[in-house]
Amino acid sequence: SQQQPERKRISPTIKIMIAVILGILAVGLAVFALNKSKDNAEAKEYNEMIQIAAKEYATEVPVNKRRLEILLRNASSVASTTDRYAIYKALFLAKSTDGTDIDARIAEFATTQVMIPDVRVVIIRDVLRKRKNPAVIGTLLEFARSTDEMPAAVAAIEATRFMSTDIHLGEFLDIIKTTKNDMIRKAAEENAAEIIEKSGSKPALGQAVAQAHETETDDVIR
């Protein structure tokens, strides 16, 4: 009878290599499945929040830290243009369910995150301004003083207008005296005027303004 050709045995080294490759593929598939599952879960949570915000008479959108980050990421994403109005509304109506300081986080995000300048302006103007939390005034004014994005700086000052009280007048007078930008100066002037208008201590504030006027040598600023 004809002798069958002897099959070549796979060397131990090749077996180990194949096992390693299969292991890598298995891990890669597991990571892909995990990421896909995470993406699907985030998409579900995102859609839930947007649907709540889209209701005509919605008054709040419950969020925890994770859900807030989902909204913020989508708010600054170029791909989210169709839902952007609903995202801004969801952020405006966001109410914490786990103690997350929503206003502080939105203010931090709006003033530090890399994003399209127009989007930054809208987050400051249509979210933080409407939420009216005086706790973010410091963050917004610090940003207005340091940023090169002039429309966003103006929006930051304007956003604080109806949150500010007597104690903030000095900061706006300082901005009026130090800025070289007419739009920023105008926004700060209007904030100062608003504070004085609604103050119960007009004489004291008037004196502060008069003193600032007396010590200023630049005719434009005066």
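Predicted model: local features only at pLDDT ≥ 70, side-chain atom pairs only at ≥ 80, totals over all residues.

**Helix pairs and the core**

Me: At what angle do α2 and α3 pack, and how far apart are their axes?

Reply: The angle is about 145°, and the axes of α2 and α3 lie 10 Å apart.

Me: Which residues of α2 and α3 meet there?

Reply: From α2 you have Leu68, Leu71, Leu72, Asn74 and Ala75, and they meet Arg84, Ile87, Tyr88, Ala90 and Leu91 of α3. Sorted by class, that contact has eight nonpolar residues, one polar and one charged.

Me: Let me zoom in on Leu91. What is Leu91 in contact with, leaving aside its neighbours within four places in sequence?

Reply: Leu91 is in contact with Leu68, Leu71, Leu72, Ala75, Ile106, Val127 and Arg131. Leu91 also counts among the residues with the most contacts inside the largest nonpolar core, together with Ile106, Ile123 and Ile124.

Me: How many residues does that largest nonpolar core have?

Reply: It has 56 residues.

Me: Switching topic: how do α4 and α5 pack?

Reply: Helix α4 covers residues 102–112 and α5 covers residues 117–131; they pack at about 160°, with axes 10 Å apart. Angles over 145 degrees count as roughly antiparallel, so α4 and α5 are roughly antiparallel to each other. Their crossing is left-handed.

Me: Which residues does α4 bring to α5?

Reply: Ile102, Asp103, Ile106, Ala107, Phe109, Ala110, Thr111 and Thr112 come from α4, and on the α5 side they meet Arg120, Ile123, Ile124, Val127, Leu128 and Arg131.

Me: Okay, zooming out. How many helices and strands are there in the protein?

Reply: There are 10 helices and two strands. Along the sequence, the pattern reads α-β-α-α-β-α-α-α-α-α-α-α.

Me: What share of the protein is buried?

Reply: Of the 222 residues, 36% are buried.

Me: Last one! What share of the contacts with a separation of 6 or more is between residues 24 or more positions apart?

Reply: Those residues account for 62% of such contacts in the protein.

Notes
Residues numbered from 1 in each chain as written. Heavy atoms only, no water. Axes fitted to C-alpha atoms, helices over the stretch in contact; angles between N-to-C directions. Helix = DSSP H or I, 4+ residues; strand = E, 2+ residues; numbered from the N terminus. Parallel < 35°, antiparallel > 145°, perpendicular 65-115°, else oblique. Left-handed = near helix turned anticlockwise from the far one by under 90°. Contact = heavy atoms within 4.5 Å. Core = buried A, V, L, I, M, F, W, Y, C linked by side-chain atoms within 4.5 Å. Buried < 20%, exposed > 50% of the residue type's maximum accessible area, 1.4 Å probe, protein only. Nonpolar A, V, L, I, M, F, W, Y, C, P; charged D, E, K, R; others polar.
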